[in-house]
Amino acid sequence: MIKHVGLFLQNHLLQIKRKWWSLPLLLLFPIFIIGVMMVLIASFFSMGNKDDVVAVGLVDRDQSEETRFIMQLLEESSSISSVLDIERMDETEAKQAIAENELAAYLLFPDAFIDDLYRGESVELSVVGNRKQSVSSQLVHELANSAVRHISVSQANILTIQQYAKQLGMSEQARDDFMMEQFQSYLMETLGKDQVLTQEDIKNQATASPVNYYGLSAWFGLVTVWLFLMYHFFYKEYSPAIQQRMMLYGVTPLQQFIARFMMMFFIMMLLAIGSFFGFHEWWAWDLAGENIRRVMILIGFYVILLIQFLLLIELVVRSTKLRLFLQFVMMAVLFVASGAVIPTIYFPSYIQDLLNLIFSYHVFVWCEELVLNQRYYADYIPLIGMSAIGGVVVWVLAIWKGRAAS
Amino acid sequence: MKAVIITRWLFIKRSMLSFFFWLLLPLVGALLLFAFVDVVEDDSYVPIGVIVEEETELANDLYQEMETSDFVAIRETEHDEAIRQLQQHELDSVFVIHQGYQEGIQTQQRTNLITSYQTNRSYAYTAVKEMIVSHIQEQGGRYQAVQVINQLSERYRGESLWSAEDVIQTSKQIQAEEQLIHASFQYASQAEKKDDEGSRWEIWHIWALLAILSSLLTMDWLIKEKQSFVTQRFYFTKLSWHDYLLLNGFLYFVIWLVIDLVTYVIFSVGFDETMGVVTLLSYRCMLTLLSFCVALVWKRLYVFYAVSFLMACMCGLLLPVRDMHVINWLHPMAAFLDNQITIGWLLCSAGVILFWYGRRRRENAAS
Amino acid sequence: MLQVEHLTKHFGQTNIIDQLSFSIEPGEIVGLVGENGAGKSTLLQLLATISKPTSGSIALHGLSYQNDLKKVRKQIGFVPQDIAVWDTFTVEENMIFFEKLAWNHRSKEELHNLCQDMNLFQWKQRVSTLSGGMKRKLNLAISLIHQPNLLLLDEPTVGIDLKSRIEIGQYLRRRAKEEQTMILYTSHDLDEIQRLCDRVLLIGNDPFYRDSVKFF
Ligand SMILES: Nc1ncnc2c1ncn2[C@@H]1O[C@H](COP(=O)(O)OP(=O)(O)OP(=O)(O)O)[C@@H](O)[C@H]1O
Ligand SMILES: [Mg+2]
């Protein structure tokens, strides 16, 4: 039995020797992809930065005093100008500018905008987007939506004031002037809305920065992707004839599984530990030695459980196509469930309850505690339990499969 | 063509289940995933900490408003505990409603009524803050109206005619009844207006991605048949080997079109989705040609599957950053998702296939 | 009539077939004999248009292999040395598959009879569950569907039982004589060659075969 396992191990080593040239490709490719993804995500999030403000046009068909006032305010407001670069123009200019891809969108104040507003009739503020800058267009749309929500509340109040003012017998002229005044006051209030808040940034924990969180996620993702690729590197489909012959020599599927498992575990631990030190250096995580050891143990469990999971699917599903699909989907689910993509606190509560059953979640949570929150403790009990159950299930299925085949 | 249909049927009838599984994967997968994301999105809450320092009507009102909001879940804790949880990122952000909140609102002294705490991992902070501020704004605006009306009636009648409750009631009523201002969105190049784009496109996104995977994976017949010794027999048949392959590819294209038609009807009825028929047609055409090309290139089935997954994976990963210029050029799904006709990838794939076909032709004629 | 002149085939530097010339008359069955690796399969592939000769010319009924490839191919029936059938299909489905792609129409009845002629009676059974000899019989039957003029058989009877072998042999002889089919036949069974063939074509350099063939 052990002799056969040894033979298969040797065979896998030969496999590495024969296909050594594909290994660097296999290992570098995920690094490359994850690197590119991180750069892209980073640049995506920094889009609201000052260096690329979104160009927005304003078109005023109404031409009333109030709209002119709004435009002026919008143009001059500093809180807006950090995000948007606003310019007044007429409609043909705006259309032209969109066609030439100089604007992300323009806002259109329709005819009789203010009159309708005062009379409480339905008013529509149109945002016309540029398909070539769809993300920015959507951003402008969001901002307009939020502004409109504020204005509609103010509008209700202005209409209320107007209703009461009528009962007081103000002259029409006086009332118009008064309404204008109120309109301006409400608008100013809306623009200064953030003043109700004192905003405090909590930053006393240097390590809890998103950069480190993403660093940890990237490392976790890298290990996951590597493992998946390694699995396929060592996977070998034997023809029925060869399977038969191996059976004659007393080789069981279990022995092959054990050999593959050992090989992958060994290589993955090398890769995981090596890359962890890389990340550790790069982001200056500066962990205590005992915590590094804890992270290693956690990732060891992760590797064991992931391999068990892949082998389990291999044992249960016979169609290659379907098996690959399931393995792929399950890996993705496990990775998302770990909280490495979206922090799990944002998940619905019933999903959060389920997470306790998922090993990737346990592993990542404790890695987070160790790396980001600098705890000096990790709970291995659930992981030990899960890997024991996983091992038994794979073991039993492999033996059963060996029986069924012979 | 009849011969191709009959011979293909011989293959398909052996694996009906798998055949339909992969054929329906984009449609069913998109529907399921979409429904799942929809439910999860609805049930997702941003956990925030709220500390109320005064027991007044308006402060409670604000608290109630936050509580009934459908995207935050409030954890009421002590100040220090909340800050600790925030640091550990167990809470997204923390809001403290200060002593003197009600008075501030009523007297139009609306600065620094609330303190918010955030970290640089408070991903939902802006949205939560926006919600809270807009509610304070609403409360404040109403009391502003009360104040203005009181001043007016003092000036004209020498006394306050209306109580604060009356005015606020009227304002709420007006807000509920009147059709007030709203914003609409449309693209410059688009004929009809749409009030809310955004998420509705997503179902086609998911579909398009799954369609890449499944159309690649259903092309595996080509690899399987290419590997067989049977190819030798095609020298002596009515259909040459490459005609046989092309016609079968075309047959798959037609089958896919039927499924796409069903998809189109379901999506446009169920989701009120507009997608150009020509866009869809050109996308499907591109997918068939592309997967045919890929299947021509690779020899081993397992490698072909791996490549298929890799391609689908790359397309999916690059989807969020599709707007960047270079990627928008190269991404096979870009044109489709912009509701435009897929041309680049279609022509490339068609070119490769023409080259393959032409070369084989020449080889045979010259032998 | 098949005419082969100065046929040569190189694989890289090695010369497998060198300046070979022979001809086959209609209705004639010719046995092709030689040791393993002598180039029998290579020759059959050349004659079957599957591979191209380095030099030399072949003509079938006056049609040149160079210029009238399509017409030539319609008349050729080739039984590959490897079993070239769909594994997942039944015998019936295999026959129907190749009938649909063949130049001429054959009824299901005829296809069934063809299998019977090959002593293959498992009409509804899946190929993957057939025995080795049965697969060979099917391999042979498929090549006969389009009623070729020139039959190139590459070890068609390996692993087929003696009784079936004799009956298939009788069938082939009958065909050759009744329909003037030319048959080129390779086998390592010299008894069979002797029983079946009008003439023997020897390739390769093994002296053993040279001596054995002298008996004919
Ligand atoms: N594609 C090829 N490239 C290089 N050498 C080849 C190729 N095909 C065949 N050969 C060589 O040509 C020689 C003849 O092979 P061929 O298959 O014709 O032998 P054969 O007479 O049919 O033998 P057997 O009795 O075993 O069937 C062999 O030495 C083989 O190695
Ligand atoms: Mg041979």
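# A guided tour of three chains and one ligand

Contact here means heavy atoms within 4.5 Å. The model is predicted, with local features needing pLDDT of at least 70, side-chain atom pairs counting only at pLDDT 80 or more, and totals for chains, interfaces and linings using all residues. Residues are numbered from 1 along each chain as its sequence is written, chains are lettered from A and ligands numbered from 1 in the order in which they are written, and side-chain values use heavy atoms, with hydrogens and water left out.

## First stop: chains A and B

Select chains A and B together. Of the 2 pairs of chains that touch, this pair has the most contacts. On one side stand 96 residues of chain B, and on the other 90 residues of chain A. The two chains bury about 8400 Å² between them, 61% of it on carbon and sulfur atoms. Buried area is the accessible area (1.4 Å probe) that two parts lose on being put together, summed over both.

Which residues of chain B lose the most area to chain A? They are Arg121(B), Ile181(B) and Tyr302(B), which together account for 10% of what that side buries.

Next, look for polar contacts across this interface. The count between chain B and chain A is 23 residue pairs, both residues being at pLDDT 80 or more. A polar contact is a pair of N or O atoms within 3.5 Å; within protein, one must be able to donate a hydrogen and the other to accept it, and residues adjacent in sequence count only if both atoms are side-chain atoms.

Now colour helix α6 (residues 125-157) of chain B, which supplies the largest share of the side touching chain A, 18 residues. Helices (H or I, at least four residues) and strands (E, at least two) are DSSP runs, numbered from the N terminus. By class, that side of chain B has 49 nonpolar, 29 polar and 18 charged residues. Ala, Val, Leu, Ile, Met, Phe, Trp, Tyr, Cys and Pro count as nonpolar, Asp, Glu, Lys and Arg as charged, and the others, Gly among them, as polar.

## Second stop: a salt bridge between A and B

Side chains of opposite charge can pair when their charged atoms come close. A salt bridge is a side-chain nitrogen of Lys or Arg within 4 Å of a carboxyl oxygen of Asp or Glu. The structure holds 25 salt bridges over all chains, and 1 salt bridge is found across the interface of chain B and chain A.

Select Lys321(A) and Asp220(B), whose side chains meet in a salt bridge at 3.2 Å, N to O. The pair crosses between chains, from helix α13 (residues 320-337) of chain A to helix α9 (residues 220-227) of chain B.

Chain B and chain C bury about 2800 Å² between them, 65% of it on carbon and sulfur atoms.

How many salt bridges are found across the interface of chain B and chain C? There are 2. One to select joins the side chains of Glu93(C) and Arg14(B), at 2.8 Å, N to O. Polar contact links 8 residue pairs between chain B and chain C, both residues at pLDDT 80 or more.

Centre the view on ligand 1. It is surrounded by 13 residues, the closest being Gly37(C), Gly39(C), Lys40(C), Ser41(C) and Thr42(C); a residue is near a molecule or strand if one of its heavy atoms lies within 4 Å of it. The largest share of this shell, 3 residues, comes from helix α1 (residues 40-47) of chain C. By class, the shell has 3 nonpolar, 7 polar and 3 charged residues.

Then select Asn36(C), where a polar side-chain atom lies 2.9 Å from an oxygen atom of ligand 1. At Gly37(C), a polar backbone atom is 2.8 Å from an oxygen atom of the ligand.
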